[in-house]
Amino acid sequence: VAATGGLSLAFTPSAGRTWRTGLTSICIALAANLAVLAVALLAGAEMVAAQTSIGVFFVSVYTVVPLLVATLVLLPLRRWGARAWRVLVTTGLAIGFVSSPAPFTVSAEDPTRVALVAMHVITGVVWFLVVRRAVARAEG
């Protein structure tokens, strides 16, 4: 452990496991965010922010791209062990919460803002839970 800077190398998931973890988080977060969109639309929310219509394509891109980038960051972190993954998973959760007030900085009706805040939080929480579970499973 001393030769690795204090990091445990017992946790070294394969590239395949890393991709599965990332893609699982993407699928779950996308399904949840699309469900939020559907509920918001059924409840009568305009789903327009800063003169941009927020639909399936918008929600899909803004859910998939950040989580895909995070998954790409997970890949090289495999060699530094579980601690590196825990740092990244906590960072992702923090980004989800810190970015959640962003919808209140653009012109939109309140139901739209609430739906967008929920999507930010959901994305961060899903990332956190899926990756943390992968670490816990790998560590036994």
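1. Start with the largest nonpolar core, where a nonpolar core is a set of buried Ala, Val, Leu, Ile, Met, Phe, Trp, Tyr and Cys residues joined through side-chain atoms within 4.5 Å. It has 19 residues, and L74, W85, W127 and V131 touch the most other members. The elements giving two or more residues to this core are α1, α2, α3 and α4, with α4 giving the most, 7 residues. Apart from it lies another core of 12 residues, including A40, V59, A108 and A115. "Buried" here means under 20% relative accessible area, while exposed is over 50% and partly exposed is in between (1.4 Å probe, protein chains only).

2. A word on what you're looking at. This is a predicted model, in which local features need pLDDT of at least 70 and side-chain atom pairs count only at pLDDT 80 or more, while totals for chains, interfaces and linings use all residues. Residues are numbered from 1 along each chain as its sequence is written, and side-chain values use heavy atoms, with hydrogens and water left out.

3. Now the overall layout. The chain holds 4 helices and 2 strands, in the order α-β-β-α-α-α from the N terminus on. Helices (H or I, at least four residues) and strands (E, at least two) are DSSP runs, numbered from the N terminus. The C-alpha trace spans about 55 × 25 × 20 Å along its principal axes. Of the 140 residues, 39% are buried. Among contacts with a separation of 6 or more, 79% are between residues 24 or more positions apart; contact means heavy atoms within 4.5 Å.

4. α1 (residues 15–42) and α2 (residues 56–77) pack at an angle of about 160 degrees, with axes 9 Å apart. Axes are lines fitted to C-alpha atoms, for helices over the stretch in contact, and angles run from 0 to 180 degrees between N-to-C directions. The two helices are therefore roughly antiparallel (angles over 145 degrees; under 35 is roughly parallel, 65 to 115 roughly perpendicular and the rest oblique). The contact residues divide into 15 nonpolar, 7 polar and no charged. In this count Ala, Val, Leu, Ile, Met, Phe, Trp, Tyr, Cys and Pro are nonpolar, Asp, Glu, Lys and Arg are charged, and the others, Gly among them, are polar.

5. T18 deserves a look while you're in α1. At 0% relative accessibility, T18 counts as buried. Setting aside neighbours within four places in sequence, T18 is in contact with P13, T71, L74, L75, R78 and W85.

6. The other pair is α3 (residues 82–98) and α4 (residues 110–139), packed at about 165 degrees with axes 7 Å apart. α3 and α4 are therefore roughly antiparallel too, but α3 passes α4 in a left-handed crossing. W85, L88 and F97 in α3 and W127, F128 and V131 in α4 are among the residues that meet. This contact divides into 13 nonpolar, 5 polar and 3 charged residues.

7. Last, P103, in the loop between α3 and α4. Is P103 buried or exposed? Buried, with a relative accessible area of 4%. Beyond neighbours within four places in sequence, P103 is in contact with R113, L116, V117 and H120.

How values were computed: Left-handed = near helix turned anticlockwise from the far one by under 90°.
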